[in-house]
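Welcome! Keep the model open beside the text as you read.

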Amino acid sequence: MPLAMILAGRGAIVAGSDRSLDQGRVPAKFDALRDQGVTLFPQDGSGIVSPDQLVIASAAVEETVADIVAANRLGCRRATRAGILSDLFNDSRLPIGIAGTSGKSTVTGMVGWILHACGRVPTVMNGAVMKNFASPDAPFASALVGDGAPFVSEVDESDGSIARYRPRIAVLNNVSLDHKSMDELRTLFAGFIAKAETAIVNIDNDEAAALAAALPCERVHSFALDRPADFAARDIVEEAFGSRFTLCVGGNLMPATLQVPGRHNIANALAAIAASLAAGVPLADAVAAIAEFAGLRRRFDLVGEARGVVVIDDFGHNPDKIAATLDTLHAFPGRILMLFQAHGYGPLKQMRAELAAAFADRMRDGDVLVMPDPVYFGGTVAREVTSADLIADIAAQGHDARHIADRAAAAAALVAEARTGDRIVVMGARDDSLSQLAAGIVTALEV
């Protein structure tokens, strides 16, 4: 969607199809695309009518999908989503790439907002809706089209396409297990930061710090919360939905505030401020702008409160993200009731042990975890590890963890369990309808 919005915003004639459109899922998102001038077709080949069309597909679109079959039959030019995006990125005057296993969407949003607020008119490509840019006319603002020099984009390692990007400024948030093996991730992230004139690296993360150590020190700007770094934070005061701290940059001390909670977001802010300075923004301007950053949808997103129970919608789906969310919640009193939907059977198999540890190490007495079956939109998939397997791993360590296959039933179980002072958090990726589920939990609590 954000790539389509950028191409349409730059004057291209854009049409498309999506499996979720055919399934009737999240219709408001597709209405927003139509409002941007994007024509939508069923994914049955009917939108592919001329060899002059360029057909762009994401990595999730198989060769057997009717649109791709039609494109091959007509001899249409083919491209990947990553290929087109990396070409736009590399051709920009100031390409700023944000990478890492976790936090890249937030840092992308923060950098984009700082540059926008400081008059740099950036183009921003994000995987999440940026609240600062959302409006009634643009409710799904996961992209921003500007005519300034900066092109700010999160860069994905999951399909290896990170190797295509040539950033002038590169941010590396962290390196930990997610879609690929650690050896593959080290190679991909090392290659990414090696191309940059300025690499901004989280040295609290041992893996990222080791990659940064291989670069000339004059090209690396470090940030950290727990170690001495070029960009650091002291006197941290966490609040339920924000934080305050003292920013330390080269001997300069400056008070800073955030509207997004958690120590991980303070680290994200350090990365964003460092990237903005590398792009030429004065420090004071960057600090003033980031205080107005409203966050991203589905990143610790407060959905509502009813009967004294707070409901939060969150993108947590890998071990680092889940750990950050639970640490943020446990900084304040109250039980945590969790609904976690795995974002596929493959990731569940890849990260089984690490996911189990992320929950088991942080769950406290009274906390409850329910898991429905993983998200599945169609196509071929091996179901070697299931939600029931992960739940068994966590329950074996003495926690209240329950497998409830049907998602609606899982949500209902949390509603029935909830009492005043609890926090319900809905976690998962790839499935936009999780936000609707979270809103439905608020409604059910109100009854």
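## Before we start

Helices (H or I, at least four residues) and strands (E, at least two) are DSSP runs, numbered from the N terminus. This is a predicted model, in which local features need pLDDT of at least 70 and side-chain atom pairs count only at pLDDT 80 or more, while totals for chains, interfaces and linings use all residues. Residues are numbered from 1 along each chain as its sequence is written, and side-chain values use heavy atoms, with hydrogens and water left out.

## Two arginines with positive phi

Arginine 430 lies in the loop between strand S20 (423–428) and helix H16 (433–446). Although arginine 430 is not a glycine, its phi is positive, at about 75°. With 46% relative accessibility, arginine 430 counts as partly exposed; here buried means under 20% relative accessible area, exposed means over 50%, and partly exposed is in between (1.4 Å probe, protein chains only).

Arginine 307 is found in the loop between strand S15 (301–306) and S16. Its phi is near 55°, again a positive value in a residue other than glycine. The relative accessible area of arginine 307 is 45%, so this residue is partly exposed.

## A buried aspartate

Now move along to strand S16 (residues 309–314), where aspartate 314 is found. A salt bridge needs a side-chain nitrogen of Lys or Arg within 4 Å of a carboxyl oxygen of Asp or Glu.

A polar atom of the aspartate 314 side chain lies 2.9 Å from the backbone nitrogen of glycine 316. Leaving aside neighbours within four places in sequence, aspartate 314 is in contact (heavy atoms within 4.5 Å) with residues including Arg298, Arg299, Thr325 and Met427.

## Rings and charges

The structure holds 5 aromatic pairs. Rings of Phe, Tyr and Trp (its six-membered ring) pair if their centres lie within 6.5 Å; planes under 30 degrees apart count as stacked, over 60 as edge-to-face and the rest as tilted. Why is the pair of phenylalanine 89 and tyrosine 165 edge-to-face? The ring centres are 5.3 Å apart and the planes are at 70°, so the pair of phenylalanine 89 and tyrosine 165 is edge-to-face. Phenylalanine 89 lies in helix H5 (residues 81–91) and tyrosine 165 in the loop between strand S8 (150–154) and strand S9 (169–172), so the pair ties together parts that are 76 residues apart in sequence. Both phenylalanine 89 and tyrosine 165 are buried, and Phe89, Phe151 and Tyr165 form one aromatic cluster.

Some rings have a charge over them, meaning that NZ of Lys or CZ of Arg is within 6 Å of the ring centre and within 35 degrees of the ring normal. The charged end of arginine 299 sits over the ring of phenylalanine 315, 3.7 Å from its centre. Likewise, the charged end of arginine 383 sits over the ring of tyrosine 376, 4.8 Å from its centre.

## Salt bridges

How many salt bridges are there? The count comes to 22. In one of these, the side chains of lysine 104 and glutamate 157 meet with N to O at 3.4 Å. This pair links distant parts of the chain, with lysine 104 in helix H6 (residues 104–117) and glutamate 157 in the loop between S8 and S9, 53 residues apart. Lysine 104 is buried at 9% relative accessibility, and glutamate 157 is buried with a relative accessible area of 2%.

Aspartate 206 and arginine 227 also form a salt bridge, with their closest N and O atoms 2.5 Å apart. Aspartate 206 lies in helix H8 (residues 206–213) and arginine 227 in the loop between strand S11 (220–224) and strand S12 (231–239), so the pair ties together parts that are 21 residues apart in sequence. Aspartate 206 is exposed at 52% relative accessible area, whereas arginine 227 is partly exposed at 36%.

Note on methods
A polar contact is a pair of N or O atoms within 3.5 Å; within protein, one must be able to donate a hydrogen and the other to accept it, and residues adjacent in sequence count only if both atoms are side-chain atoms.
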